[in-house]
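Here is a short note for a colleague who has not looked at this model before. The points follow below the structure.

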Amino acid sequence: MATTVSFTVGSPAGRHTVDVSHERTGSGDPLVLLHGIGHHRQAWDPVLHILAAERDVIAVDLPGFGASPALPEGLSHDPRTMVTVLGSFFDALGVARPHVAGNSLGGLLALESGRERLVRSVTALSPAGFWTQSERRYAFGVLRAMRGAALSMPMPLIERLSKSSPGRTVLTSTIYARPGRRSPGAVVSETVALREATGFRQTLEAGLTVAFTDDIPDVPVSIAWGSKDRLLLHRQGVRAKQVIPGARLVRLPGCGHVPMNDDPAAVARVILDTSRRRTVAAPSQNA
């Protein structure tokens, strides 16, 4: 069951109250899960029970997505502000340096959290920030088109499409390589989450100048990329490995941009393996 925690975050404009909805389950070392832009914490449902067998799993609705309201006026949705918010969120939960895994936008935030030494390990699934300008324009164009489609479709049409495999393909094939595996209810829920995402525009605008260019020494990092990612092409993983040479680069065969649905076992294995690493291994590449 989801709960909401409230905490304060400072900025040059003063102190601001931030509300973050999250679901917590399992036991063991804490593991925070961060979704991508336009999605919600339920993106992690396919792997939640696997991870919860070994970890105290905290699946987050990022501010402006899912059940979490957008950041208050005075706080930007840029990555550095979001990492500050996440640090305050960890403090509010009494969680010191959790493991963190993120997808897309969440992957970028996970890496930023690792750079700031807020976390014990980082697993980034198709993280944003390793694109060329043309690749970024393409990805943002696709995201805007997805958002526009979600806003324009009436609910009866969304519900009707979700009931068939071809219909689920129409709604979600941009992010899933195997959209037929997604349940009708999940497809409806995430389409609604996309259309109702109050932080979508601000987050996309903040991403216009985002590029991850720093190494993350002394923190175990795994970067995994789906071989069928249609949004952020998997060659960006090679660039990520060049930026973070100590990271483990993992190929996820047959997976799309949101791989948790396409191959839950493989994704859970990457996350758990990373969280078991105590030191950064010598540079290696599995992709």
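1. Helix 11 covers residues 264–276 and has 13 residues. From its first C-alpha to its last it reaches 18 Å, close to the 18 Å expected at 1.5 Å a residue. The buried residues in helix 11 are Ala266, Val267, Ala268, Val270, Ile271, Leu272, Thr274 and Ser275. Note that the model is predicted.

2. Helix 7 (residues 184–195) can be checked in a similar way. With 12 residues at 1.5 Å a residue, helix 7 should span 16 Å, and its end C-alpha atoms are 17 Å apart, which agrees. Buried in helix 7 are Ala186, Val187, Val188, Glu190, Thr191, Val192, Ala193 and Leu194. What covers these buried residues? The cover includes helix 4 (133–152), helix 5 (155–162), helix 6 (165–172) and helix 8 (200–206).

3. Helix 4 brings Met146, Arg147, Ala150 and Leu151 to the contact, and helix 7 brings Thr191, Leu194 and Arg195. By class, the residues of this contact are four nonpolar, one polar and two charged.

4. On the helix 2 side the contact is made by Pro79, Arg80, Met82, Val83 and Leu86, and on the helix 3 side by Leu108, Leu109, Glu112, Ser113 and Arg115. Six nonpolar, one polar and three charged residues make up the contact of helix 2 with helix 3.

5. Is Glu112 buried or exposed? Its relative accessible area is 6%, and the cut-off for buried is under 20%, so Glu112 is buried. Leaving aside neighbours within four places in sequence, Glu112 is in contact with Pro79, Val83 and Phe212.

6. Gly106 is buried, with a relative accessible area of 0%. Not counting residues up to four places away in sequence, Gly106 touches Leu34, His35 and Gly36. Gly106 and Arg230 are 124 residues apart along the chain, and their C-alpha atoms are separated by 17 Å.

7. Ser104, in the loop between strand 5 (99–103) and helix 3, has a positive phi of about 60° although it is not a glycine. Arg117, in the loop between helix 3 and strand 6 (121–125), has a phi near 60°, again a positive value in a residue other than glycine. Ser104 is buried, with a relative accessible area of 8%, whereas Arg117 is partly exposed, at 34%.

8. His77 sits in the loop between strand 4 (55–60) and helix 2. At 6% relative accessibility, His77 counts as buried. Which residues does His77 contact, leaving aside its neighbours within four places in sequence? They are Pro63, Gly64, Ala70, Leu71, Met82, Gly199, Gln202, Thr203 and Ala206. One of these, Pro63, is 14 residues from His77 in sequence and 8.2 Å from His77 in space, C-alpha to C-alpha.

9. In soluble globular proteins, nonpolar side chains tend to be buried together. Here the largest nonpolar core has 83 residues, and those with the most contacts inside it are Leu33, Leu51, Leu62, Phe89, Leu111 and Ile223. Helix 2 gives the most to this core, with seven residues. Phe89 touches Val5, Phe7, Val20, His22, Ile58 and Val60, not counting residues up to four places away in sequence.

Note on methods
Residues are numbered from 1 along each chain as its sequence is written. This is a predicted model: local features need pLDDT of at least 70, side-chain atom pairs count only at pLDDT 80 or more; totals for chains, interfaces and linings use all residues. Side-chain values use heavy atoms; hydrogens and water are left out. Contact means heavy atoms within 4.5 Å. Helices (H or I, at least four residues) and strands (E, at least two) are DSSP runs, numbered from the N terminus. Ala, Val, Leu, Ile, Met, Phe, Trp, Tyr, Cys and Pro count as nonpolar, Asp, Glu, Lys and Arg as charged, and the others, Gly among them, as polar. The expected span of a helix is 1.5 Å times one less than its number of residues. Buried means under 20% relative accessible area, exposed over 50%, partly exposed in between (1.4 Å probe, protein chains only). A nonpolar core is a set of buried Ala, Val, Leu, Ile, Met, Phe, Trp, Tyr and Cys residues joined through side-chain atoms within 4.5 Å.
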